[in-house]
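Hello,

Here is the structure for you to look over.

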Amino acid sequence: MSTAPAELVLVRHGETDGQSSIRLHGATDVALSSLGLQQIERVAVALAAEPAFAAVLASPLQRSRAAASLVAGGQRPPPPVTVVPEFAEVDFGAWEGLTFAEVAERDPTGHGRYLAEGLGFTYPGGESRQAFWDRVQAGARRTLAMPASPRVVAVLHKGVIKAVIAALTGMPQAEAIALPVSLAGLYRLRHRADGRWDIQVQNATQHLGELDLGG
């Protein structure tokens, strides 16, 4: 019988060449910047001091895969990195690469609809917010129902981490959407005997020191 991991560590990838701290780079396949690499190296060092992870999960996007590889490389022995297609970040469509301030200036009608429609909104030329949410949650349930792994780390994206947390803990969407998720920040979830998960650590960033940008 399959058993969910006893502990799941969720890590947001580091800063990118496209400035993930301020810009809407969802489907755009931007790379980690030199700062982002440094941030993830600090994550890898912090996690290397803990019991080994049995698996490392990533999205198909290179900022997630590269960060996951760095984290895996700090483990002994290094676990494989498994790409989960459903964990790709949302497609912002025509808004890719913009800040929200730029969206409000260039597309005030669309920005107004975004604020008014909530999860019912579809990014212009992109993905529905609800479809994104449903996709990620389906991936979380599928992946975490795989055969037993006592400790798993997933290096993902801001919106993906929020949806995964909601899927596993039963947290309402509105509450999960409001969670802080800093660049290279960590969430720790513990699996309970009843099959649900609890958040043990929320958005830890102390391992980053002066490299903590929030975001």
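**Salt bridges**

There are 11 salt bridges in the structure (a side-chain nitrogen of Lys or Arg within 4 Å of a carboxyl oxygen of Asp or Glu). The model is predicted: local features need pLDDT of at least 70, side-chain atom pairs count only at pLDDT 80 or more, and totals for chains, interfaces and linings use all residues. Residues are numbered from 1 along each chain as its sequence is written, and side-chain values use heavy atoms, leaving out hydrogens and water.

Glu50 bridges to Arg151 at 2.7 Å, N to O. Glu50 sits in the loop between α1 and β2, Arg151 in strand β4, 101 residues apart. Helices (H or I, at least four residues) and strands (E, at least two) are DSSP runs, numbered from the N terminus.

Arg188 also meets Glu50, at 2.4 Å, N to O. Arg188 lies in strand β5, 138 residues from Glu50. Salt bridges with shared partners join Glu7, Glu50, Arg151, Arg188 and Arg190 into one network.

Arg151 is buried at 10% relative accessibility, and Arg188 is buried at 15%. Glu50 is partly exposed at 23%. Buried means under 20% relative accessible area, exposed over 50%, partly exposed in between (1.4 Å probe, protein chains only).

**Helix α2**

Helix α2 covers residues 62–73. Its buried residues are Arg63, Ser64, Ala67, Ala68, Val71 and Ala72. Seen down the axis of α2, they fall within an arc of 160 degrees, so they line one face. The arc is taken from the directions from the helix axis to the C-beta atoms.

Regards

Conventions
Expected span 1.5 Å × (residues − 1).
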